[in-house]
Amino acid sequence: MSAKCHVVLAAVLFFLTDTGIAAQENSEALKNPYEGREDLVVEGASLFNQYCSHCHGPNAVQGERPRDLRRLKIRYGDNAIDTFWTTVNGGRMDKGMPVWKDAISDDIKWRIYTFLQSVQSQR
């Protein structure tokens, strides 16, 4: 590849990264596409119970604080969405959390998160 091609390629990569096109998982760009969709909460609860309740309790009711997903907002504040997305996709094998990245679709993950947003505790 010529030096000119390297310069053009570097410029394109810089532009894509700088505008966020190449960095789709940037926490600033991370947004639940179903946020505020109360009509999806029941479906999200059903999906949560199907995929997550064996560790996190039915309907997210779990007595162990580290696994109590009703406390995401308390524990992580504005980073709750990023923490959810990173943990679900990458897992936490040291804590027994499997990697779900390719096991379930992003659509299902967002529906589950929509449910979790609806059950966040204030204390």
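**Figure 1. Cysteines C52 and C55 in the predicted model.** The cysteine sulfur closest to that of C52 belongs to C55, and the separation is 8.9 Å, too far for a bond. A disulfide requires the two sulfur atoms to lie within 2.5 Å. C55 likewise takes part in no disulfide, the sulfur of C52 being its nearest cysteine sulfur. The number of disulfides is therefore 0. The two residues also fall into separate accessibility classes: C52 has a relative accessible area of 16% and is buried, whereas C55, at 25%, counts as partly exposed.

**Figure 2. The aromatic pair F48 and F115.** The model contains 5 aromatic pairs, and one of them is formed by F48 and F115. Their ring centres are 5.4 Å apart and their planes meet at 50°, so the pair is classed as tilted. F48 belongs to helix α2 (residues 41-51) and F115 to helix α6 (residues 106-118).

**Figure 3. The aromatic pair Y51 and W100.** Here the ring centres lie 5.9 Å apart and the planes are at 80°, so the pair is edge-to-face. Y51 is part of helix α2, while W100 sits in the loop between α5 (80-90) and α6. The pair therefore ties together parts of the chain that are 49 residues apart in sequence. Y51 has a relative accessibility of 19% and counts as buried, because the cut-off for that class is under 20%. W100 is buried too, with a relative accessible area of 17%.

**Figure 4. An arginine over a tyrosine ring.** The charged end of R111 is placed over the ring of Y34. It sits 4.8 Å from the centre of that ring.

Notes: Residues are numbered from 1 along each chain as its sequence is written. This is a predicted model: local features need pLDDT of at least 70, side-chain atom pairs count only at pLDDT 80 or more; totals for chains, interfaces and linings use all residues. Side-chain values use heavy atoms; hydrogens and water are left out. Rings of Phe, Tyr and Trp (its six-membered ring) pair if their centres lie within 6.5 Å; planes under 30 degrees apart count as stacked, over 60 as edge-to-face and the rest as tilted. Helices (H or I, at least four residues) and strands (E, at least two) are DSSP runs, numbered from the N terminus. Buried means under 20% relative accessible area, exposed over 50%, partly exposed in between (1.4 Å probe, protein chains only). A charge sits over a ring if NZ of Lys or CZ of Arg is within 6 Å of the ring centre and within 35 degrees of the ring normal.
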